[in-house]
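I opened a new notebook page for this chain.

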Amino acid sequence: MEHTTTDRLKVALLGIALAGLLVGLGLHFAGQPEIARLVWIAGVLPALIALVIEIVSSIAQGEVGLDIVAALSMSAALAFDETLAAAVVAVMYSGGTFLESFAEGRARREMRDLLSRVPRTATRHRDGGLEEIPLDEIAPGDRLLIRQGDVVPADGTIASQAAFLDTSALTGEPMPVRSARGDEALSGSTNAGEAFDLIATRMASDSTYAGIVRLVEEAQRSKAPMSRLADQWSLGFLAVTVAIALAAWWFTGDPIRAVAVLVVATPCPLILAVPVALVAGLSRAAQFGVLIKGARPLEAMARIRTLILDKTGTLTDGRPRIVSIDSHDKMETAEILRFAAALDQASKHPVAQAIVAAAQEQGLSLPVPSEVAEIPGEGVIGEIEGHRVLVGGDAFVAKRVGRPAGEHGAFPTGSVLVAVAVDGHMAGHLVMADPLREGAPEMIARLRREGIERILLATGDRAEVARVVTAGLGLDALRAGLTPDQKVLTVLTERKNGPVMMVGDGVNDAPALAAADVGVAMGARGAAASAEAADVVLLVDRVDRLAPGIEIARRARRIATQSVIAGIGLSVLGMIAAALGYLTPVEGALLQEAIDVAVILNALRALRIRPETQDSAT
């Protein structure tokens, strides 16, 4: 509402100033110069009054900006009876502020689209019927109906046979993704297929989409360091402007030259180009599944020289996968997997869930287990189709079937060995490992090309495991066996060499993320604590999105800097020309408006940034 009121005021001021200019010109050419003069003054005064109020308010908040130059130029033009020039400046200034609002609105469009997708209600199954409920009434365990075209209101698991989800608003993935029963569904996804049921796993307020909305709102309220730097530069630019104007007046005795100098300096690209370019960068990054919490972290991303990566769930997938299946009792490997997965349906352990997922991927039919008993940290015992089945650690299973542990082939360092016994006989072993994420090697190489000078791993895992997993990646250092406090110390140590980015996904990474210049959380499946502590959230569960995010940040900052340098340079040249008498106040106003339009359009180029990695990121 506040933004709408401000925008309407800007439109009204532009309308009054433009009407005053045009009507005054009509009267002037009709031979009524005195009336034209009064009309021009009437068109200027509302813009000038609004500008003075804004300047006073800014000064009260301890901010001094270049709006002062605009107020000086309009006031000087009126004082020296250059009413036409004052009218042109009023139109150009109000038009410039309107154009700035329009440009920022264009840059924030994707973020507004994200906010506008927030569902207001949900449909819940209750007592054999359906009821429409507010989002805040959703509780974990509720069975929700997601109709075709509906936005998923809360994180949950698919309870129907299958679902087709459009996750483009969250991740940038253009094609709908097929999800099977039991798969996770993120809030904010859109149902692109038939209606399906969802079992809520979180309240709506704690779900992924609600968190994203909060982050977007924070980003929209942010103010960039470059914007603050522009405010600091404004004092120097203001001093230069006044000095050139006074010098022109002093040496020529012509106050109109001073007016022309002030007019050329109004308004300055510093206050227009920087926020437009950086907000455009935020918007563009969001399209690639990289949500940056504001212009400050975006600018910090552009300066990063050192990258610290967590291992589990960040550099690796965080979900164990089956590397091989060894049979010891002439049982088919598919049958070993089927027995293990059928029994593991009763367990919530990550390894058990990975085994179930592997069996489902192979299309194996999994019977329902019975008489299940789970020994935490050891394994699971139960009945499958009349067979007594044990699944668990090698020592746990071997002890119960009366065999010595360790009777299996060698397996890679860092792997997890899962033993499977059927009817008292050791059937075989599943060898599982946590592999590198897809695209990790290419991402490391891409980041090197993007200017990241130092990349290291910081993990709580054992050193030998970390070395095996990261072999061939060309990392600069490896820090293993770290506690959360030691990860923070690693970040602080690396900061001595330049700005540091830390990437992690778990609660144990949150302190290090907060300590880094830029903390990046794997938000699609990471812990809420890490997402809250981070400055950047990767909405899609792919670490290779990091490279496009950094590239967009650097190019957006470069565009902002280019706009400022070009705009200031052209403005100074224009002021010198005005001081030497080559520009009248009216010509100066028109020239400055052309400069402002050019730098704003240049800043909007950030919306069209196409990262080198776009093919893998879209």
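My entries follow, starting with the ground rules.

**Ground rules**

I am working with a predicted model, where local features need pLDDT of at least 70, side-chain atom pairs count only at pLDDT 80 or more, and totals for chains, interfaces and linings use all residues. I number residues from 1 along each chain as its sequence is written, and side-chain values use heavy atoms, with hydrogens and water left out.

**Overall count**

I looked up the secondary structure and found 23 helices and 22 strands in the chain. Both are DSSP runs numbered from the N terminus: helices are H or I with at least four residues, strands are E with at least two.

Next I checked burial. The chain has 618 residues, and 51% of them count as buried. Buried means under 20% relative accessible area, exposed over 50%, and partly exposed in between, with a 1.4 Å probe and protein chains only.

The exposed surface comes to about 27000 Å², with 57% of it supplied by carbon and sulfur atoms. Such areas come from the Shrake-Rupley method with a 1.4 Å probe.

I also looked at contacts, meaning heavy atoms within 4.5 Å. Among contacts with a separation of 6 or more, 67% are between residues 24 or more positions apart.

**Helices α21 and α22**

How do α21 and α22 pack? Helix α21 covers residues 546–579 and helix α22 covers residues 585–603. Their axes are 9 Å apart, at an angle of about 170°. I therefore log α21 as roughly antiparallel to α22. The cut-offs are under 35 degrees for roughly parallel, over 145 for roughly antiparallel, 65 to 115 for roughly perpendicular, and oblique for the rest. Axes are lines fitted to C-alpha atoms, for helices over the stretch in contact, and angles run from 0 to 180 degrees between N-to-C directions.

I listed the residues that meet. From α21 they are I559, Q562, S563, G567, L570, S571 and G574. From α22 they are L591, Q592, I595, V599, N602 and A603. By class, that contact has six nonpolar, seven polar and no charged residues. Here Ala, Val, Leu, Ile, Met, Phe, Trp, Tyr, Cys and Pro are nonpolar, Asp, Glu, Lys and Arg are charged, and the others, Gly among them, are polar.

I then took a closer look at Q592 in helix α22. Q592 is buried, at 0% relative accessible area.

**Salt bridges**

How many salt bridges does the structure hold? I logged 18. The criterion is a side-chain nitrogen of Lys or Arg within 4 Å of a carboxyl oxygen of Asp or Glu.

- R446 pairs with E551, with the closest N and O atoms 2.2 Å apart. R446 is in helix α16 and E551 in helix α21, so the bridge ties together parts 105 residues apart in sequence. R446 is buried at 5% relative accessibility, and E551 is buried at 7%.
- R454 pairs with E494 at 2.8 Å, N to O. R454 sits in strand β18 and E494 in helix α18 (residues 484–494), 40 residues apart. R454 is partly exposed at 24%, whereas E494 is buried at 4%.
- R305 pairs with E453, with the closest N and O atoms 3.6 Å apart. R305 is in the loop between α11 (295–301) and β11 (306–309), and E453 is in the loop between α16 (440–449) and β18 (454–458), 148 residues apart. R305 is partly exposed at 30%, and E453 is exposed at 55%.

**T241**

Is T241 buried or exposed? T241 is buried, at 0% relative accessibility. T241 lies in helix α8 (residues 225–252). Leaving aside neighbours within four places in sequence, I found T241 in contact with V69, V261, L262, A265 and M575.

**Positive phi**

Most residues other than glycine have a negative phi. I noted two residues with a positive value.

- D81 has phi near 65°. D81 is in the loop between α3 (67–79) and α4 (83–107), and is partly exposed at 44%.
- D423 has phi of about 55°. D423 is in the loop between β16 (416–422) and β17 (425–433), and is partly exposed at 38%.
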